[in-house]
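Hi everyone, thanks for coming. Let me put the structure up on the screen, and then we'll walk through it together.

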Amino acid sequence: MTLQIAPSMLAADFARLAAEAALVADTADWLHVDVMDGHFVPNLTIGLPVVAALLKHAALPLDCHLMIADPDRWAPDYASAGARNVTIHAEAATAPVRTLRAIRAAGARAGLAVNPGTAVEPYADLLPEVDLLLVMTVEPGFGGQRFLDLVLPKLRRASNLIARHGGEIWLQVDGGVTEETIGRCAEAGADVFVAGTAVFGAQGPCAAVERLRAVATAAWDRGRRCGGGSAG
Ligand code: DX5
Ligand code: ZN
């Protein structure tokens with residue numbers, strides 16, 4: 001199992017996106033791009049034209065997290081544009097199966113996200129349709145929020161669902177992930193870690209990614225030895 005670190009461009013300087021992406025190109029795995037529409041979440045960021053522009057300059061694969069009210073309409077376009085992963089929110093999608101299939105058909109990995117207050121069990125039957133399950137560890141909409149420990153039991157349950165399902169499904173956490181909180185996520189079974197402030201708010205974003213990876217890897221090993229992801 002290779003843990004993935006995905007710095008969130010939300011915490012980068014939006015006027016220098018390509019240069020900021022280059023700062024983490026040697027140590028990170030994916031670039032996380034937060035698309036917000038001012039409806040599903042009370043914040044407005046960037047959309048398809050900026051993602052398409054970034055795709056031309058970024059060395060790392062783009063992991064697009066769509067916090068938008070109509071993902072069924074827009075998600076396949078992000079996949080067609082060349083994003084590696086396209087994640088839609090369970091709370092927003094009206095036809096998640098169709099949309100997840102359309103994302104895959106357009107050549108990307110399909111992701112499904114759940115907010116802190118959304119249970120994961122109702123989506124267990126959708127696991128064959130997804131390549132990535134995103135368990136939000138803050139309410140979506142803004143960077144720099146405090147990590148919600150109350151999500152950890154759900155993260156463990158999600159890890160168990162994935163283990164029972166079998167196959168390759170990434171378990172991603174997003175929100176408040178820092179050197180202090182990433183270990184708890186890894187022990188609970190997460191294997192993809194989005195971090196915005198902890199990377200681009202650090203003095204050296206490149207080194208910050210390596211520190212996050214080191215803490216996560218140690219905790220992940222500990223979790224497997226002690227049955228973290230498979231307990232509870
Ligand atoms: C929040 C976004 C996150 C955000 C995380 O809604 O989905 O990706 O950038 O930022 P930090 O790591 O600062 O909490
Ligand atoms: Zn995000």
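Before we look at how helices pack, a word on terms: axes are lines fitted to C-alpha atoms, for helices over the stretch in contact, and angles run from 0 to 180 degrees between N-to-C directions. Helices (H or I, at least four residues) are DSSP runs, numbered from the N terminus. This is a predicted model, where local features need pLDDT of at least 70, side-chain atom pairs count only at pLDDT 80 or more, and totals for chains, interfaces and linings use all residues. Residues are numbered from 1 along each chain as its sequence is written, chains are lettered from A and ligands numbered from 1 in the order in which they are written, and side-chain values use heavy atoms, with hydrogens and water left out.

Let's start with helix 2, residues 48-57, and helix 3, residues 71-81: their axes are 10 Å apart, at an angle of about 15°. In helix 2, Leu48, Val51 and Leu55 touch Asp77, Tyr78 and Ala81 of helix 3, where contact means heavy atoms within 4.5 Å.

Now, which residues of helix 3 meet helix 4? They are Pro71, Asp72, Ala75, Pro76 and Ala79, and their partners in helix 4 are Pro96, Thr99, Ala102 and Ile103. Helix 4 covers residues 96-105, and here the angle is about 10° with axes 8 Å apart. Helix 3 and helix 4 are therefore roughly parallel as well.

Finally, the ligand. There are 20 residues around ligand 1, and Ser8, Gly141, Asp174, Gly196 and Thr197 come nearest; a residue counts if one of its heavy atoms lies within 4 Å. An N or O atom in the Thr197 side chain is 2.5 Å from an oxygen atom of ligand 1. For His65, the corresponding distance is 3.2 Å, and for a polar side-chain atom of His32, 3.3 Å.

Terms used
Helix = DSSP H or I, 4+ residues; strand = E, 2+ residues; numbered from the N terminus. Polar contact = N/O pair within 3.5 Å; in protein donor to acceptor, adjacent residues only side chain to side chain. Parallel < 35°, antiparallel > 145°, perpendicular 65-115°, else oblique.
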